[in-house]
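Visitor: I would like to learn how to read a few features of a model like this one. Where do we begin?
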Amino acid sequence: MGVRLPSSLGFPIEYQEIEMDRRRLDRYKRLLLERRGEMSVASADAESPIPVAGGSKGDQIDQANADAEAELQIHLHQTDGRLLRAIEEALARIRNGTFGTCEACRNPISKARLEAVPWTRLCRDCKEREHSK
Ligand SMILES: [Zn+2]
């Protein structure tokens, strides 16, 4: 008896679901790439005005201001860097098929959350738990 009918019937449905996912992933990928594009423009801008630390032995107050400014720039830079890395990691997860899964509880992250922060690694519950620590 040829009983291959069920599996061949099941295939189109499965295929459709994969197609849906792929389209959604493409959307998130585009969002991530767009954000990354904005980020690299922003960090290129931020790089030029960083004063060279300890460059001059001039006025002490000037030096203090320059240090504070440099620190601020570095701080901004670190925040940018962290987001940039989160975006890179999200893109990697899209490539290896783990995108949209919470790293802590392994549940799927809601679409609304992924739309707002496609680079997130945690679902909302886990994120809130992390914050309340
Ligand atoms: Zn979670």
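Guide: Note that this is a predicted model. We can begin with the aromatic rings.

Visitor: How many aromatic pairs does the structure hold?

Guide: A pair of aromatic rings is described by the distance of the centres and the angle of the planes. The structure holds 1 aromatic pair. Its rings belong to tyrosine 28 and phenylalanine 99, with centres 5.4 Å apart and planes at 40 degrees, so the pair is tilted.

Visitor: Which parts does the pair tie together?

Guide: Tyrosine 28 is in helix H1 (residues 5–47), and phenylalanine 99 is in the loop between helix H2 (60–96) and helix H3 (111–116), so the pair links parts that are 71 residues apart in sequence.

Visitor: Does tyrosine 28 count as buried or exposed? And phenylalanine 99, buried or exposed?

Guide: Buried means under 20% relative accessible area. Tyrosine 28, at 1% relative accessibility, counts as buried. Phenylalanine 99 counts as buried at 11%.

Visitor: Now the metal. What are the protein donors of the zinc ion?

Guide: They are the SG atoms of Cys102, Cys105, Cys123 and Cys126, lying 2.2 to 2.3 Å from the zinc ion. Along the chain the donors follow the spacing C-x2-C-x17-C-x2-C. Cysteine 105 lies in the loop between H2 and H3 and cysteine 126 in helix H4 (residues 124–131), so this pair ties together parts 21 residues apart in sequence. Cysteine 105 is partly exposed, at 31% relative accessible area, whereas cysteine 126 is buried, at 7%.

Visitor: Why is the arrangement around the zinc ion called tetrahedral?

Guide: Because the 4 donor atoms subtend angles of 105 to 114 degrees, and four donors count as tetrahedral if all angles lie between 85 and 135 degrees.

Terms used
Residues numbered from 1 in each chain as written. Predicted model: local features only at pLDDT ≥ 70, side-chain atom pairs only at ≥ 80, totals over all residues. Heavy atoms only, no water. Phe/Tyr/Trp six-rings, centres within 6.5 Å; stacked < 30°, edge-to-face > 60°. Helix = DSSP H or I, 4+ residues; strand = E, 2+ residues; numbered from the N terminus. Buried < 20%, exposed > 50% of the residue type's maximum accessible area, 1.4 Å probe, protein only. Donors = N, O, S within 2.8 Å, 3.2 Å for Na, K, Ca; no water. Tetrahedral: all angles 85-135°; square planar, octahedral: opposite > 155°, others 65-115°.
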